[in-house]
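Take a look at the structure below. We will walk through it one part at a time.

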Amino acid sequence: MSESSHFLFLIALLPFIGALLPGLMIRAGRTACAVFTAVPTALALILLMMLAPAVMRGEVVQAEIEWLPQLGLSASFFLDGLGLLFATMILGVGLLITLYARFYLSGDDPMGQFYTYLLLFQGAMLGIVISGNILLLLIFWELTSLSSFLLIGYWKHLPEGRQGARMALAVTGAGGLAMIGGMLILGDIVGSYELVDILAAGDAIRASEWYLPALILILLGAFTKSAQFPFHFWLPHAMAAPTPVSAYLHSATMVKAGIFLMARMWPVLSGTDAWFYIVATTGLVTMVLGAVIALFKDDLKALLAFSTVSHLGLLTMLLGFGTQAAAVAAVFHIINHLTFKAALFMTAGIVDHETHTRDIKRLGGLRHLMPITFVIGTVTALSMAGIPFFNGFLSKEMMLEEASHTKWLGSYYVIPVFATLGALLSVAYSYRFIVHVFLGPERDDYPHKPHDPPFGMWAAPALLAVLVLVIGIMPVLAEAVVTVAANAVTGADLHPHLKIWHGVTPALYMSVFAIIGGGVLLAVHAPLQRFWNAAPRPEAKEIFEWLVDSVAGLSRRITDISHNGAISRYLAIFVVTSVAVGAAAFFGSGLAAPTRGLLSVPPVIAVGWFMLIVATVSVVMMHHSRFRALVLIGVIGLTISAGFVYLSAPDLALTQISVETVTIMLLLLALHFLPKSTPKESPLGLKIRDGVIAVLAGAGVAGLAYAFMLRDIGTISDFHIANSYEGGGGTNVVNVILVDFRGYDTYGEIIVLGIAGLIIYAVMHALLDGPASRRLRNVDYSQDRSRDRHPLMMVVVTRVLMPLAAMVGLYIFLRGHNEPGGGFVAGLVIAIALLMQYMASGFAWTQARQRIQYHAMIGTGVVIAGLTGIGSWLFGSPFLTSSYTYIHLPPIEEFEVATAMLFDLGVFLTVLGAVMLMLYSLSRIARYAGETVNLEPMDYDPAKTGSGDREEA
Amino acid sequence: MIEAALIFAAICYGVALLLDLWRIAVGPDASDRILALDTMVINVIGLLVIYGIGRGTAIYFEAAMLVAMVGFVSTVAYCRFLLRGDIIE
C-alpha cells in the first residue's frame, strides 16, 4: 500500500480519534479545548493538501482494506477532484467554526461536548465524501444524521432545540433508509459496491429496469438531506442550534451531503428524462419557494435558513439539467455558496451575540455601532444577491445562462422565468439583510448595547469575506479547483473559463432585471409582508407533528390490542400464528409416502405414556391449586427424564432431571409469597377458545412429529455425528455441538442466562423498595408451622452428600466432551448440592460461608468463555475454533485436553452463578418479610426450638 | 432366566408406577401426593437399573444414580414447603 493511501486512511480516522480529546481537554480550559479540536482538523487538512497536487493532476487516490468481503463491504477510500473539493471545504470551514465557536459559546455551555460532537460530525461528513464503497458511504451517511442530531439538539434545555433535532433526525433518517434501498439496488445491478465499478457502469444502470426505483430511492435520501421541497421544513427548525452549528451544517456540510451525492452519482444516474424532470423540477420549486419564504422571515437565522433552502434548490436544479456546463456551474456555486453563507451565518450570530436579538424588526442602524460586522455582512450579502465583483454573481450568471436555454415540457419559458424570479427574490432578501439590519437610523431600544465582537469572533467571517471578493474579482484563481471537481462530476475532460464579463447575453438581461426588481421588491416590502402574514399557508411543523402523532397513535393502538397485559392473549396470538404458518407450510408442499413402520410399544413404556397423559390432564384440571400443580409437574418432569434415558439421550436426561429439581425449588420459593390458589376468572367462552387453540397446537406438533418419524429424512445430525470427533475432538456429539459446532449460540445463551439472573436480582431489589414491600412485611406466615426448623437429620445428610455431589459434578464436567455430561449439567448438579445446604441450615448460616459473589461468578464465566473464543484468533482461526491435544501425566492415563473444556468451564460458572443468584434473590424476600435468621447450623437443642439463638434480620 | 426376572420386575414397577399415579391424582392430602411422588422417583430408578441390566450398559446406572441423588431434593423441598412455608430460611 502506498504512502498516499495511508494518508487517506489517516484523514478519515483523524476526526474520530480527535473527538476523544475535547472532552478531556476542557479540564485544561476553553482555549485548550478549542486548540485540541483544531489540531486533528488541521492535521487532516495538511495531509489532504499533501495529496492535493496528485489529485489536481487528475489522479485518483485510492485505499482499501477488506472488511466484510462476503457482503461486498470494504473500508475503501477514494479521493478525486470532487472529494478533494468537499473535503477541503469540510476541514477548512471546520477550522473556522472551531475558532468562531470558541468565542461564541458562553461559559455555561459544555464546550467539551460541543467540540466532540463537532469532530464526530466532521468525521462522518468527511467519510461520505471520500468513501470508495457505497455501503461505507451509507454508514457515514447515517453517522451524519446521528451526529447532527447531537449538534442541533446541543442546547438540551430549549424545547425548540430538542424538537428541531428530532425533526431533522426523523426526516434525514427516513431519507437515509430509502437511500439504503436505492444503493443496494445499484450494487445489485452492477454486482459490486465499489464506487469505481459503479461509476464505470452508468450505461448498464440506466438501461436496467430497476433504474427508476433506484433513482427515486437515492433521490429521496439526497432530497431529505439537502432539504429539497417537500422535505425542506426540517432545515429552518434546525436553526435552534447554536449559530456555529448552523453555519457549519447549512453552508459547507450536512445539507451539501445531498448535493454531493447527486454530483457523485451524476455520471451514473443523470442524462435521462426521469432524472431531468424529477431533479430539475424539484430544484426549481425549492429555489423559488425557499426564496419567497426567506423574504418574509423576521428572524435573521430563519431568513438565512430559507435562503439556504433556495440555494440548495438552485444547485439541485443545475445538477438536474444534466449538461456539463450546468455541472460546472453547480460546482462553482457550491464553493461560492459556502463562502458567503458561512460568513453570513456567522455575521447573524455576531449580531445575535452582541444585540441579544435576531429579530430584524428590532434591528437597524448598526453600521456605525458595528462597522466591522457591517462590512463583512454587506460584502457577503451582496455576493448572495449576485452583484458583480462578488463571487455569487459569477455562478448565478452561469446558472441563468444554463436556464435560459433549457426546455421544460416543450416550453422555453418556464425555467428561465422561474429562475429569474428566484434570482430576483434572492436579491430582495439579500438587500433586506443589509438594509433592515445595518442601514437606517440608529435606535435606542436594542436589548443590549451593540459593539463589534473581539477579533477571534470576526476573524473567520472576515477571511471568508476576503475570499468572496478575491474570487469575485479574479475568478481565474478558482478555475483549477472547479475544473478538477467538475471533471470528477462529469467524468469528462472539461476546460471551463470563469470570467466576469460574458458579453451581452440573455443571462445578463435576466441578472439586471433581478437586481433592479429585487430593489423594487424591497421598497414595497412592508405592505407585502402584511399581505403575506394575513395569507393562510400550511405550517410544516404542525403537519409533521400531526403525522408523527398519528403514526405513533396507530402503533400504540396496535400495541394495546396485541399486548393488553394478559399473557393468555400473547400466547394465543403467538400460538395461532405458529399453527397457521406451520399448517400453510405443511399443506403447501407435498408429503412423501411413509418409509418406516410403527415400532411395537413395550407395556412399561405404555405406562410412562399413560402417566404423562394423566399428569398433563390433571394439571389442567387442578391448576387452581398451585401446590398440587407443582407436584404434578414433578411427575411430568420425571417421566420425561426417564423417557430421554429410554430414547438414548442420556445428556438430555441428566439436564432434564437437574433443571426439573432447580425449577421446582425456585417455584416453591416464589409460591411461599403468592396466593396458594388462583381464582376462577375465565368465562366459559374464553376457556373454549383457549382450549381449541391448545388442542390445535398440540395436535399439530404431535402430527408433525409423527409424520417425520415415519420417514427417513436426512438431517443435520448426520453431519454432526460424522464430524464430531474429527472436527471437535469429542465423542459426545451433544457436547461437541454445544461447545464447538454451535459454540457461538451457547456463548449467547450463557450471556442471556447471566442477564436473566442479574435481572431477577435487580427486579427483586425494585420490588422490595416498592409498594409491595409493605404488603410482604405485614403478611403473617407463622401459623400452622412445624417447629422443627432445621432438622438435625437433614443437616447431617446434606453435609455428607455435599462432597459426593461435588465429586459427581466434577466428574460429569471433566468427561463431558466424550461421555454424557458437560458444563451445563455440572453447574446444575453443584447448584443443587449447594441448594441443599441452604435448605438444611438456612440462608444466613450458609451465606456466611459463601466467599464468592454470584455476580462475579456469572461475569467470570462469560469472560472465560469469551476469552477462549478470542484465543483462537491468536492462531489465526475464527472465533471459538476449538483445538485439542493429548496429555500424559504419569499417574493417570493419557487424556485429552481441548480448548472446548475451557469454554465449558465458562458455561459451568455462568450456570452455577445464575442459578444461585436467582435463589438468593428469591429468598431475600423472606428476610425482608421479617423472618429471623439462624446462626447455628441446626437445631440440636430441642429446648430452644423456635426461639433462642436467632437474631432479627 | 434373567430375562424372565427382568420382565417380571419391570411389570411390577409398572404397576407400582400406576398406583403412585393414582395416589397423586386423588390425594387426598398433600403429604400423600408428596410421598407418592417420592415413591415414583424410586420406582423410576428401579426401572432404569433393570433396563440397564437388560441392555448390558453402564450408562443407565449413572442416570439412575443421578436421579437418586437429585430426586430426593425435590421431595425435601415439597416437604419443607408444607411444614415451614419457606424452603430456605
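Chain B contains three helices and zero strands. Read from the N terminus, the order of its elements is α-α-α. Keep in mind that this is a predicted model.

What is the overall form of chain B? Its C-alpha atoms fill a box of roughly 50 × 25 × 10 Å along the principal axes. The radius of gyration tells a related story. A compact globule of 89 residues would have a value near 12 Å, but chain B has 15 Å. Of its 89 residues, 45% count as buried. Now consider the contacts in chain B with a separation of 6 or more. Residues 24 or more positions apart account for 41% of them.

An unreviewed UniProt entry places the feature "transmembrane region" at residues 6–22, 34–53 and 59–83 of chain B. What does the model show there? Over residues 6–22 of chain B, the chain is 100% helix and 0% strand. The end C-alpha atoms of that stretch are 24 Å apart. Residues 34–53 of chain B are also 100% helix and 0% strand, and here the end C-alpha atoms are 29 Å apart.

Next, see where the two chains meet. The contact takes 45 residues from chain A and 39 residues from chain B. Which elements of chain A give two or more residues to this side? They are helix 27 (603–622), helix 28 (626–646), helix 29 (650–671), helix 35 (792–815), helix 36 (823–841) and helix 39 (899–928). Helix 28 of chain A gives the most, with 11 residues. On the side of chain A that touches chain B, 32 residues are nonpolar, nine are polar and four are charged.

Finally, pick out helix 3 of chain A, residues 30–56.

Several residues of helix 3 are buried, among them A:C33, A:A34, A:F36, A:T37, A:P40 and A:T41. Further along helix 3, A:L48, A:L51 and A:V55 are buried too. An α-helix has 3.6 residues a turn, so residues three or four places apart point the same way. Just after helix 3 of chain A comes A:G58, which takes a positive phi of about 100 degrees.

How values were computed
Residues are numbered from 1 along each chain as its sequence is written. Chains are lettered from A and ligands numbered from 1 in the order in which they are written. This is a predicted model: local features need pLDDT of at least 70, side-chain atom pairs count only at pLDDT 80 or more; totals for chains, interfaces and linings use all residues. Helices (H or I, at least four residues) and strands (E, at least two) are DSSP runs, numbered from the N terminus. The expected span of a helix is 1.5 Å times one less than its number of residues. A residue is buried if 20 or more other C-beta atoms lie within 10 Å of its own, exposed if 12 or fewer, and partly exposed in between; C-beta atoms are placed from the backbone. Two residues are in contact if their C-beta atoms, placed from the backbone, lie within 7 Å. Ala, Val, Leu, Ile, Met, Phe, Trp, Tyr, Cys and Pro count as nonpolar, Asp, Glu, Lys and Arg as charged, and the others, Gly among them, as polar. The radius of gyration is taken over C-alpha atoms; the globule rule is 2.2 Å times the number of residues to the power 0.38. UniProt positions are given in the numbering used here, feature names are shortened, and annotations may be inferred rather than shown by experiment.
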